[in-house]
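Reader: I would like to go through this model with you, beginning with the ligand surroundings. Could you take my questions as they come?

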Amino acid sequence: MASFTFIYSSVSILLSLFLLFSQSKGVPQDVLSTICSQTQNQKICESILTKDPRTSSADLPLLSLISLEITSKQVDNNFNTFKQFRDNTTNLSVKNAFGKCVTIYQQLQDKVKVAHQLSEHKKYKEINGLGQLKTLAYACENGLPSDSPTSAITEDMLLTSETAISVNDYVATSLS
Ligand SMILES: *[C@@H]1O[C@H](CO)[C@@H](O)[C@H](O)[C@H]1NC(C)=O
Ligand SMILES: *[C@@H]1O[C@H](CO)[C@@H](O)[C@H](O)[C@H]1NC(C)=O
């Protein structure tokens with residue numbers, strides 16, 4: 001009888017622990033807030049992350065991957081748009097400036113790909129190329145005429161980059 005009680009209570013402790021951990025799976029809202037408070041615009045950062053349906057049940061490793069996949073999509077989107085502007089414009093100096101942006105966004109694609117591979121291998125501390133995303137996005141936009149219709153997608157790139165930087169800084173600090 002005593003051993004039955006012992007087994008029974010061990011099982012129920014294990015069961016409660018299991019339930020506790022399965023319920024706490026997913027990044028809590030206060031962690032998202034902490035991460036996003038490190039960016040220019042906390043609300044936009046949170047909406048960038050929660051737009052991906054996986055975020056609500058993601059753990060930190062998945063949140064890192066999600067942030068990089070969102071960034072990768074933004075880079076691809078901007079790359080294609082800058083390529084269209086380059087091909088559509090007949091003004092040679094403007095065409096050259098858009099061409100530089102196309103080259104810059106190819107570099108951005110490579111940097112995000114490297115970061116994603118490091119994240120897949122959980123080498124969060126080695127993800128240090130993300131700071132350059134913002135520098136490069138600025139370099140592209142600053143080379144364009146001041147009336148360029150691309151300032152909005154550059155702003156999106158900057159906000160998405162900041163979000164990914166903050167997520168990955170947080171994950172690198174928490175998981176190592
Ligand atoms: C470039 O031209 C194509 C074809 O005319 C058009 O569909 C596209 O929207 C233009 N893109 C930009 C960014 O102006
Ligand atoms: C090309 O665009 C630049 C910047 O908008 C402008 O200053 C220049 O006058 C344009 N050149 C021609 C030939 O239209």
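Author: The shell around ligand 2 consists of 2 nonpolar residues, 2 polar residues and no charged ones. Here Ala, Val, Leu, Ile, Met, Phe, Trp, Tyr, Cys and Pro count as nonpolar, Asp, Glu, Lys and Arg as charged, and the others, Gly among them, as polar. This is a predicted model, where local features need pLDDT of at least 70 and side-chain atom pairs pLDDT 80 or more, while totals for chains, interfaces and linings use all residues. Residues are numbered from 1 along each chain as written, chains are lettered from A and ligands numbered from 1 in the order written, and side-chain values use heavy atoms, without hydrogens and water.

Reader: Which residues surround ligand 2?

Author: They are Asn91, Ser93, Val94 and Pro145, where a residue is near if one of its heavy atoms lies within 4 Å. Asn91 has a polar side-chain atom 2.3 Å from an oxygen atom of ligand 2. Of the 360 Å² of accessible area that ligand 2 has on its own, the protein covers 28%; such areas come from the Shrake-Rupley method with a 1.4 Å probe.

Reader: And which residues are around ligand 1?

Author: Gln84, Phe85 and Asn88 are around ligand 1. A polar side-chain atom of Gln84 lies 2.8 Å from a nitrogen atom of the ligand, and one of Asn88 lies 2.4 Å from an oxygen atom of ligand 1. The protein covers 39% of the 360 Å² of accessible area that ligand 1 has on its own.

Reader: Turning to the fold, how many helices and strands are there?

Author: The protein has 7 helices and 0 strands; these are DSSP runs, H or I of at least four residues for helices and E of at least two for strands, numbered from the N terminus.

Reader: What of the largest nonpolar core?

Author: That core has 44 residues, and Leu49, Leu63, Phe82 and Tyr105 have the most contacts inside it. A nonpolar core joins buried Ala, Val, Leu, Ile, Met, Phe, Trp, Tyr and Cys residues through side-chain atoms within 4.5 Å, buried meaning under 20% relative accessible area with a 1.4 Å probe, protein chains only. Helix 5 gives the largest share of this core, 11 residues.

Reader: What does Leu49 touch, sequence neighbours within four places aside?

Author: Its contacts (heavy atoms within 4.5 Å) include Leu32, Cys36, Leu63, Ile70 and Val167.

Reader: How much of the protein is buried?

Author: Buried residues make up 40% of its 176 residues.

Technical notes
A polar contact is a pair of N or O atoms within 3.5 Å; within protein, one must be able to donate a hydrogen and the other to accept it, and residues adjacent in sequence count only if both atoms are side-chain atoms. Buried means under 20% relative accessible area, exposed over 50%, partly exposed in between (1.4 Å probe, protein chains only).
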